[in-house]
Amino acid sequence: MGLPITDLEAALFILPSTTTSNRGCAAIAEARSVLEHELETIRTGGTWKGERVITSKQGPHINVDGSRGDILNFCANNYLGLSSHPQVVEAGIEALKKYGAGLSSVRFICGTQDIHKDLEQKLAQFHEREDCILYASCFDANAGLFEVLLGPDDAVLSDELNHASIIDGIRLCRAKRFRYKHMDLNDLETQLKESQSSRLRLVVTDGVFSMDGDMAPLKGICDLAEQYGAMVFIDECHATGFMGPRGRGTDELLGVMDRVHIVNSTLGKALGGAAGGYTVGPKPLIDLLRQRSRPYLFSNSLPPPVVGCATRAVELLLTSNEIAQSVGDKTMRFRNKMTDAGFTISGSDHPICPVMLGDARLASLMADDMLKLGVYVIGFSYPVVPKGKARIRVQISAAHTDQDIDRAVDAFIQTGRKHGVVS
């Protein structure tokens, strides 16, 4: 048995840990106070983003916790209705049975299966590019590209309204950064002139800008890129599968498939709606991404059920363009009826149909009232969109019927009159 510890000795042992603990509690309390203040600012500003709970599979008709009966869904990225397509679901089930739930590894260790290579080959074929690399999401694809491709001697020229994942990806690279005004070809040319001393230059744009449904002027961008010796990159998350005669995207729609060098897109929207993203482009670039792209090297490979679902979705589109073509007519039906009713709809000819309202609180209240009428939509406000540009973003799916669209328009008219948006 050791010597007894006196009260003074005990105090000397206890005091430092108690003081440290008190300081830790004070730090946590201070952080909690800062966080609660920030949260209250969001609430009082009318920009709080609640999450509704869906109790059914994704589709044009869903069940929502707290709501009775069938709810029309008009705010999913399920553009082709493939999220619950029987063949897509069955392909996922079969992949789960044959290949298991997941690989428990990254691709280069022991996480590559034959189905991953098959999907990459089909996506390269679909986009008519040399090769393809899969990621866990398109956010990861955007995070992994620019750092590998561009160095301090290079330059990247980015549209000011590009998606957040593009902005974050560009921040990771050491290239000189130039930002041009939204879809402004004159400003892009100015930036191209200013960056002429750079080794490589990459013009970066969304093919379709997701908040407004407007399309990049790709022909003009490609003309300028060729004139000044730059490459062109597009993010096609809101175009792949349904834009263009065969659903290949905005580059097909605008006739520049052979002039856009790199395409990033997603499996999580039109192509089955589960998860995953990818890059298609020149084979040397794809090979280098496999060697150096951090989100690829340090993330588990896509789960087999996700790969199975996406592969079947791509196969359906390679076989027929019928589903892709059906979206256009339904989009114009909604846009025309809403415009006739007095609403302002942003963008053009795209199934993203933003109903512009301006006020964040109004957008939130109208979305809540729409749900009471059996139509699921969401209000978008700052920081997702600029201040003063709040809206309800409606998204049309090939799975919506004309009756679904007419019912949604009627609900908008009823809610709009209640809030004084339309007469």
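**Ground rules.** I am working with a predicted model, where local features need pLDDT of at least 70, side-chain atom pairs count only at pLDDT 80 or more, and totals for chains, interfaces and linings use all residues. Residues are numbered from 1 along each chain as its sequence is written, and side-chain values use heavy atoms, with hydrogens and water left out.

**Strand 11.** I took helices (H or I, at least four residues) and strands (E, at least two) as DSSP runs, numbered from the N terminus. I looked up the cover of strand 11, residues 277-281, and found 5 of its 5 residues buried (under 20% relative accessible area, with exposed over 50% and partly exposed in between, using a 1.4 Å probe and protein chains only). In a regular strand the side chains alternate between the two faces of the sheet. Here Gly277, Thr279 and Gly281 are buried on one side, and Tyr278 and Val280 are buried on the other.

Which strands pair with strand 11? I count strands as paired if DSSP finds at least two bridges between them. Strand 3 (residues 131-135) pairs with strand 11 in the antiparallel sense over 5 bridges, and strand 10 (residues 262-266) is joined to strand 11, also antiparallel, by 4 bridges.

**Helices 7 and 8.** I checked helix 7 (residues 185-194) against helix 8 (residues 218-228): their axes come within 10 Å and cross at roughly 20°. Axes are lines fitted to C-alpha atoms, for helices over the stretch in contact, and angles run from 0 to 180 degrees between N-to-C directions. That makes helix 7 roughly parallel to helix 8 (under 35 degrees; over 145 is roughly antiparallel, 65 to 115 roughly perpendicular and the rest oblique). For the contact (heavy atoms within 4.5 Å), I noted Leu185, Leu188, Glu189, Leu192 and Lys193 of helix 7 with Gly220, Ile221, Leu224, Gln227 and Tyr228 of helix 8.

**Sheet 12-15-14.** My last stop was an open sheet of 3 strands in the order 12-15-14, with antiparallel pairing. Strand 12 (352-358) and strand 14 (379-380) are the edge strands, each pairing on one side only. Strand 12 pairs with strand 15 (residues 390-395) over 6 bridges, and Cys353 has Val394 as its bridge partner in strand 15. Helix 14 (residues 360-372) lies across strand 12, strand 14 and strand 15, at about 40° to strand 15.
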